[in-house]
Amino acid sequence: GEVWDAVLEHRQALDDSGELGSRRGEQARQWLWTELREGLVERFVADAGDAVRAAELDVVAGRQLPTIAAERLLDERP
């Protein structure tokens with residue numbers, strides 16, 4: 001019981017100070033960017049699938065550096 005009371009007091013202090021709202025807002029902002037990144041990657045791969053697969057093979061085989069492969073893929077897309 002005492003531990004739970006301490007947890008509730010801590011939560012109330014965070015809420016009263018506005019820190020809880022700030023943290024939740026930051027979490028929401030990070031979630032937005034995660035969703036955007038994942039969506040962009042999915043769309044990119046759907047659009048450039050063959051080129052992405054070829055770049056992956058080149059990178060795995062050591063024929064191309066990952067940074068160069070990524071730059072080339074990005075430069076080729078509108």
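1. Arg-63 counts as exposed, at 58% relative accessibility. In the terms of this note, buried means under 20% relative accessible area, exposed over 50%, and partly exposed in between (1.4 Å probe, protein chains only). The side chain of Arg-63 meets that of Asp-58 in a salt bridge, at 2.9 Å from N to O. A salt bridge is here a side-chain nitrogen of Lys or Arg within 4 Å of a carboxyl oxygen of Asp or Glu. Asp-58, at 24% relative accessibility, is partly exposed.

2. The model is predicted, so local features need pLDDT of at least 70 and side-chain atom pairs count only at pLDDT 80 or more, whereas totals for chains, interfaces and linings use all residues. Residues are numbered from 1 along each chain as its sequence is written, and side-chain values use heavy atoms, with hydrogens and water left out.

3. The secondary structure of the protein chain consists of three helices and zero strands. Along the sequence the pattern reads α-α-α. Helices (H or I, at least four residues) and strands (E, at least two) are DSSP runs, numbered from the N terminus.

4. The overall form of the chain deserves attention. A compact globule of 78 residues would have a radius of gyration near 12 Å, but this protein chain has 22 Å. The radius is taken over C-alpha atoms, and the globule rule is 2.2 Å times the number of residues to the power 0.38. The C-alpha atoms fill a box of roughly 60 × 25 × 20 Å along the principal axes. Buried residues make up 12% of the 78 residues. The chain exposes about 6700 Å², of which carbon and sulfur atoms supply 57%; these areas come from the Shrake-Rupley method with a 1.4 Å probe, and for residues only the protein chains shown count as cover.

5. Helix H1 covers residues 2-17, which is 16 residues. From its first C-alpha to its last, H1 reaches 22 Å, close to the 22 Å expected at 1.5 Å a residue. The expected span is 1.5 Å times one less than the number of residues. After H1 comes Gly-18, whose phi is positive, near 90°. Leu-8 lies in H1 and is partly exposed at 40% relative accessibility. Leu-8 and Val-41 are 33 residues apart in sequence, and their C-alpha atoms are 41 Å apart in space.

6. Which residues make up the largest nonpolar core? They are Ala-48, Val-52, Ala-55, Ala-69 and Leu-73, five residues in all. The elements that give two or more residues to this core are helix H2 (19-60) and helix H3 (66-76). H2 gives the most, with three residues. A nonpolar core is a set of buried Ala, Val, Leu, Ile, Met, Phe, Trp, Tyr and Cys residues joined through side-chain atoms within 4.5 Å. In soluble globular proteins, nonpolar side chains tend to be buried together.

7. Leu-73, one of the core residues, touches Phe-44, Ala-51, Val-52 and Ala-55, not counting residues up to four places away in sequence. Contact means heavy atoms within 4.5 Å. Ala-70 is found in helix H3 and is partly exposed, with a relative accessible area of 35%.

8. Is Gln-64 buried or exposed? Gln-64 is buried, with a relative accessible area of 16%. The residue sits in the loop between H2 and H3. Its contacts, not counting residues up to four places away in sequence, are Asp-58, Val-59, Ala-69 and Arg-72.

9. The structure holds five salt bridges. One of them joins the side chains of Arg-29 and Glu-26, at 2.6 Å from N to O. Arg-29 and Glu-26 are three residues apart in helix H2, so about one helical turn separates them. An α-helix has 3.6 residues a turn, so residues three or four places apart point the same way. Arg-29 is partly exposed at 42% relative accessibility, and Glu-26 is partly exposed with a relative accessible area of 32%.

10. Another salt bridge links Arg-53 and Asp-50, whose closest N and O atoms are 3.0 Å apart. Both residues lie in helix H2, three residues apart, about one turn of the helix. Arg-53 is partly exposed at 45% relative accessibility, whereas Asp-50 is exposed, with a relative accessible area of 62%. Side chains of opposite charge can pair when their charged atoms come close.
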